[in-house]
Amino acid sequence: MTVPHALVSLLERYVEEDPALAGHTLETMTETEAVTVLKALKPRFCAQIFPHLQVTYAAALLKEIPPTLFGEIVERMRPEQAAAILIHLSHDLRKVLLEYLSPDIKRELQELLTLTENSAG
């Protein structure tokens, strides 16, 4: 399903105006609907929403979006925020998705994830 350009423009303005409310609204949708919205938005708008999502919901959405969009979103997030979400993905999926990040961000996230995993045990 493609989203008309005018509607995408409206969604982007909504996210710019209040990313927290946009995140809350996204959480009221099914994962399929939310993924459709995320795919329609430019990555910079998606990255504004993700810090406002519950981490388990954000992780569920990251599993469903294309890996290249994953990389574009995560690279725009604060590493601590991204790690808090990524820790909810399986180790194997994280390994695959981290390959879509720049080497510096990948390394930083791997360090944060290792610290988080070690402190949880």
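Residues 24 or more positions apart account for 72% of the contacts in the chain with a separation of 6 or more. The model is predicted. The chain holds 9 helices and 0 strands. Its radius of gyration is 14 Å, close to the 14 Å that the globule rule gives for 121 residues, so the chain is as compact as a globular protein of that length.

**Overall build**

- From the N terminus on, the elements run α-α-α-α-α-α-α-α-α.
- The C-alpha trace spans about 45 × 25 × 25 Å along its principal axes.
- Of the 121 residues in the chain, 36% are buried.

**Surface and charge**

- The accessible surface of the chain comes to about 7,000 Å².
- Carbon and sulfur atoms own 54% of that surface.
- The chain carries 11 positive and 17 negative charges.
- The mean positions of the positive and negative charges are 4 Å apart.

**The largest nonpolar core**

- The largest nonpolar core has 35 residues.
- Within this core, Phe50 and Leu61 touch the most other members.
- The elements that give two or more residues to the core are α2 (19–27), α3 (31–40), α4 (43–49), α5 (55–64), α6 (67–74), α7 (79–86), α8 (91–98) and α9 (103–120).
- Helix α5 supplies the largest share of this core, 5 residues.

- Leucine 61 lies in helix α5.
- Leucine 61 has 0% relative accessibility, so it counts as buried; the cut-off is under 20%.
- Setting aside neighbours within four places in sequence, leucine 61 is in contact with Leu26, Glu31, Ala34, Val35, Leu38, Phe50 and Leu53.
- One of these partners, Phe50, is named with Leu61 as touching the most other core members.
- Leucine 61 and leucine 113 are 52 residues apart in sequence. Their C-alpha atoms are 19 Å apart in space.
- Alanine 60 is also placed in helix α5.
- Alanine 60 has a relative accessible area of 12%, and is therefore buried.
- Between alanine 60 and alanine 83 there are 14 Å in space, C-alpha to C-alpha, and the two are 23 residues apart in sequence.

- Where is arginine 94 found? Arginine 94 sits in helix α8.
- Is arginine 94 buried or exposed? Its relative accessibility is 7%, so arginine 94 counts as buried.
- Beyond residues up to four places away in sequence, arginine 94 touches Leu86, Ile87, Leu89, Leu113 and Glu117.
- Among the residues touched by arginine 94 is Glu117, and Glu counts as negative.
- Lysine 106 has its place in helix α9.
- Lysine 106 reaches 18% relative accessibility; buried means under 20%, so lysine 106 counts as buried.
- Lysine 106 touches Leu98, Glu99 and Leu101, not counting residues up to four places away in sequence.

- Proline 67 is found in helix α6.
- Leaving aside neighbours within four places in sequence, proline 67 is in contact with Leu97 and Tyr100.
- Proline 67 and leucine 93 are 26 residues apart in sequence. In space they are 10 Å apart, C-alpha to C-alpha.
- Which part of the chain holds serine 90? Serine 90 is in the loop between α7 and α8.
- Serine 90 has a relative accessible area of 44%, and so is partly exposed.
- Serine 90 and arginine 78 are 12 residues apart in sequence. The C-alpha to C-alpha distance between serine 90 and arginine 78 is 21 Å.

Notes
Residues are numbered from 1 along each chain as its sequence is written. This is a predicted model: local features need pLDDT of at least 70, side-chain atom pairs count only at pLDDT 80 or more; totals for chains, interfaces and linings use all residues. Side-chain values use heavy atoms; hydrogens and water are left out. Helices (H or I, at least four residues) and strands (E, at least two) are DSSP runs, numbered from the N terminus. The radius of gyration is taken over C-alpha atoms; the globule rule is 2.2 Å times the number of residues to the power 0.38. Buried means under 20% relative accessible area, exposed over 50%, partly exposed in between (1.4 Å probe, protein chains only). Contact means heavy atoms within 4.5 Å. Accessible areas come from the Shrake-Rupley method with a 1.4 Å probe; for residues, only the protein chains shown count as cover. The place of a charge is taken as NZ of Lys, CZ of Arg, CG of Asp or CD of Glu. A nonpolar core is a set of buried Ala, Val, Leu, Ile, Met, Phe, Trp, Tyr and Cys residues joined through side-chain atoms within 4.5 Å.
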